[in-house]
Amino acid sequence: MATPSTPTLPSQVKPGLEGVVATQTKLSMVDGQNGVLIIAGYPIEKFAGKISIEEAAMLLWSASLPSEEEAPGLQRELAGYRALRPETIDIIKTARNAPPIDALRMACATLSLDVSNPNDISPAGDLALAKRLLSRFPTVIAAHSRLRSGLEPIAPRSDLSLAANFLYMTFGVEPDPLAAKALETYWVTVCDHGMNASTFAARVIASTRSDMVSAVTGAVGALKGPLHGGAPGPVLDMLVDIKTADNTEAWLRAEIAAGRRIMGFGHRVYKVRDPRAEVLAKTAQEMAGAHLQNAKLYDLARNVEKIAVRVLEELKPGRNLKTNVEFYTALVLQSIGLQPDQFVSMFACGRVAGWCGHVMEQHAQDRLIRPQSEYTGPRNLKLSR
């Protein structure tokens, strides 16, 4: 017969590790109380929309932005890594009917096949793999998009930015400069965000002295979970259900009364409007100005945002359920022609810059992450045989 559990030490459990500081980083700082996001010294609103994702990545990896003279050479260098090996293409073909984030997870593990020593965790070894991961993630998603539509993948071009090349490889036409800028802005906006779940997963793996690709593959798996990266798609579903501005308040009140979450509102960290939502709202507005259909959806979204903030404060006082990054992410990615099930994988294409930076930091710190647990099970059980 089991005896009651009696912990020998006072409980110090922090569910979800909330409030626990696990490391120090120079990559990003999140101030949820004041709605501030700093990326390697730069406020996100002064940063996104002004530089490329390649430049943002190098800032995270080397602590300095490339100069205007250096930036074109960096883009050319990274463009040289975009092509995928046949083994990776075969995996994407096998996964053509799987969700894009699953195809990316499977393909990610093969992206070091052209490196002579993929287990090299020196700064030079990490940088070589980081460049390949950043350059190849969009190629994987573009190839998967083509294959699941019954089309052959398109070879990458080296004369386009990473974002513009992704659009070309996905749609097979010259990319719209406005759409390429919108995607670039999105990727930079989400390139890093403190110690989130996927970043922590990457750092835990890297802390064992495992390699960059293994750590990032684990991060992709963590991002797949709907509590972390899976909500932008349902924002569009919500807007489609609401249909018109006149329906907004009644729809919101009915959803809340039924105990359902309002997509695109509330954040584990931010107690005010997510600063990334500020950036992407402007991007969505720019895209809406170019397309009538997008303009109608954008106008509805702004109305929903205004009413939702008021209704949530009334029905859930003190919860501070403000607009988060997912709300306008849905509008931006939809406006460039992507499907909702691609949204999480597109997030990964931007966040991989931050994941790689955190892996580099963790390798440099060379400290195993090994928290403790408190046992709550039975003790002194006896076998009956």
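Predicted model: local features only at pLDDT ≥ 70, side-chain atom pairs only at ≥ 80, totals over all residues.
Trainee: How many helices and strands does the secondary structure of the protein chain come to?

Mentor: There are 15 helices and 3 strands in the protein chain.

Trainee: Why is the protein chain called as compact as a globular protein of its length?

Mentor: The globule rule gives 21 Å for 385 residues, and the radius of gyration of the protein chain is 22 Å. The two values are close, so the chain is as compact as a globular protein of that length. Along the principal axes, its C-alpha atoms fill a box of roughly 70 × 60 × 45 Å.

Trainee: What share of the contacts with a separation of 6 or more joins residues 24 or more positions apart?

Mentor: Such pairs account for 77% of those contacts in the protein chain. Buried residues, for their part, make up 50% of the 385 residues.

Trainee: Which residues touch the most other members of the largest nonpolar core?

Mentor: That core has 113 residues, and Leu 133, Phe 137, Leu 183, Tyr 186, Trp 187 and Met 238 touch the most other members. Helix 15, residues 343-365, gives the core its largest share, 12 residues.

Trainee: What does Tyr 186 touch, not counting residues up to four places away in sequence?

Mentor: Tyr 186 touches Leu 280, Thr 329, Val 332, Leu 333, Phe 343, Met 346 and Phe 347.

Trainee: What separates the C-alpha atoms of Cys 191 and Tyr 328?

Mentor: Those C-alpha atoms are separated by 16 Å, and the two residues are 137 residues apart along the chain.

Trainee: How do you know whether Gly 125 is buried or exposed?

Mentor: The cut-off for a buried residue is under 20%. Gly 125 has a relative accessible area of 9%, so Gly 125 is buried. Its place is in helix 5, residues 123-148. Gly 125 and Ala 63 are 62 residues apart in sequence, and their C-alpha atoms are 17 Å apart in space.

Trainee: What is the phi of Lys 243?

Mentor: Phi of Lys 243 is near 75 degrees, a positive value in a residue other than glycine. Lys 243 follows helix 10. The buried residues of helix 10 are Pro 232, Gly 233, Val 235, Leu 236, Met 238, Leu 239 and Ile 242.

Trainee: Where is Ala 40 placed, and what is its phi?

Mentor: Ala 40 is in the loop between strand 2 (36-39) and strand 3 (42-43). Phi of Ala 40 is near 50 degrees, a positive value in a residue other than glycine.

Trainee: How many positive and negative charges does the protein chain have, and how far apart are their mean positions?

Mentor: There are 42 positive and 39 negative charges, and their mean positions are 7 Å apart.

Notes
Residues numbered from 1 in each chain as written. Heavy atoms only, no water. Helix = DSSP H or I, 4+ residues; strand = E, 2+ residues; numbered from the N terminus. Rg over C-alpha atoms; globule rule 2.2 N^0.38 Å. Buried < 20%, exposed > 50% of the residue type's maximum accessible area, 1.4 Å probe, protein only. Contact = heavy atoms within 4.5 Å. Lys, Arg positive; Asp, Glu negative; His and termini not counted. Charge placed at Lys NZ, Arg CZ, Asp CG, Glu CD. Core = buried A, V, L, I, M, F, W, Y, C linked by side-chain atoms within 4.5 Å.
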